[in-house]
Amino acid sequence: MTTIRFTSNIQRHVSAPDLEVEGDTVAEALQHYFQRYPAVRSYLLDNQGAVRHHMLVLVDGISIADRERLSDSIEPNCELFIFQALSGG
């Protein structure tokens with residue numbers, strides 16, 4: 001099973017506890033997560049289903065390639081780690 005984790009910074013805005021889910025792609029894993037925690041969807045994804053610009057999704061420490069369809073494959077027992085990207089100067 002894939003473990004999905006959100007930083008504590010995100011959890012100040014929306015309840016997003018760690019959860020183990022099934023799925024062969026990032027999209028499938030997140031869909032299972034959103035079934036349990038639906039409020040997280042709109043915080044992470046835009047109205048087209050793509051990852052919002054200020055958010056990053058890592059699979060075992062590597063940023064996903066497909067931020068629009070979330071089609072990146074995932075292996076069993078991997079970790080999806082989600083955090084807010086920092087910007088500014």
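This text walks through the fold of one protein chain, from its overall build to single residues. The model is predicted: local features need pLDDT of at least 70, side-chain atom pairs count only at pLDDT 80 or more, and totals for chains, interfaces and linings use all residues. Residues are numbered from 1 along each chain as its sequence is written, and side-chain values use heavy atoms, with hydrogens and water left out.

Start with the elements. The protein chain holds three helices and five strands. Here helices (H or I, at least four residues) and strands (E, at least two) are DSSP runs, numbered from the N terminus. Read from the N terminus, the order is β-α-β-α-α-β-β-β. The radius of gyration of the protein chain is 12 Å, close to the 12 Å from the globule rule for 89 residues, so the chain is as compact as a globular protein of that length. That radius is taken over C-alpha atoms, and the globule rule is 2.2 Å times the number of residues to the power 0.38. Along its principal axes, the C-alpha trace spans about 40 × 25 × 25 Å.

Of the 89 residues, 42% count as buried. Buried means under 20% relative accessible area, exposed means over 50%, and partly exposed lies in between (1.4 Å probe, protein chains only). The accessible surface of the protein chain comes to about 5,400 Å². Carbon and sulfur atoms account for 48% of that surface. Areas come from the Shrake-Rupley method with a 1.4 Å probe; for residues, only the protein chains shown count as cover.

Now see how the chain meets itself. A contact means heavy atoms within 4.5 Å. Among contacts between residues at least 6 apart in sequence, 49% join residues at least 24 apart. T3 is found in strand β1 (residues 2-6). T3 is buried, with a relative accessible area of 13%. Leaving out residues up to four places away in sequence, T3 touches L19, E20, C78, E79 and L80. M55 lies in strand β3 (residues 55-59). Its relative accessible area is 0%, so M55 is buried. Beyond its neighbours within four places in sequence, M55 has contacts that include I10, Y43, I82 and Q84. M55 and Q84 are 29 residues apart in sequence, yet 4.4 Å apart in space, C-alpha to C-alpha.

Turn to the aromatic rings. A pair of aromatic rings is described by the distance of the centres and the angle of the planes. Rings of Phe, Tyr and Trp (its six-membered ring) pair if their centres lie within 6.5 Å; planes under 30 degrees apart count as stacked, over 60 as edge-to-face and the rest as tilted. By this rule there are three aromatic pairs. The ring centres of Y33 and Y37 are 5.2 Å apart and their planes stand at 40°, so this pair is tilted. Y33 and Y37 are both buried. F81 and F83 also form a tilted pair, with 5.8 Å centre to centre and 40° between the planes. F81 is partly exposed, at 28% relative accessible area. F83 is partly exposed too, at 21%. Ring pairs also link F6, Y33 and Y37 into a cluster.

Finish in the loops. D60 is found in the loop between β3 and β4 (62-63). Its phi is near 50°, a positive value in a residue other than glycine. L70 is found in the loop between β4 and β5 (79-84). Phi of L70 is near 60°, again a positive value in a residue other than glycine. L70 is buried, with a relative accessible area of 4%.
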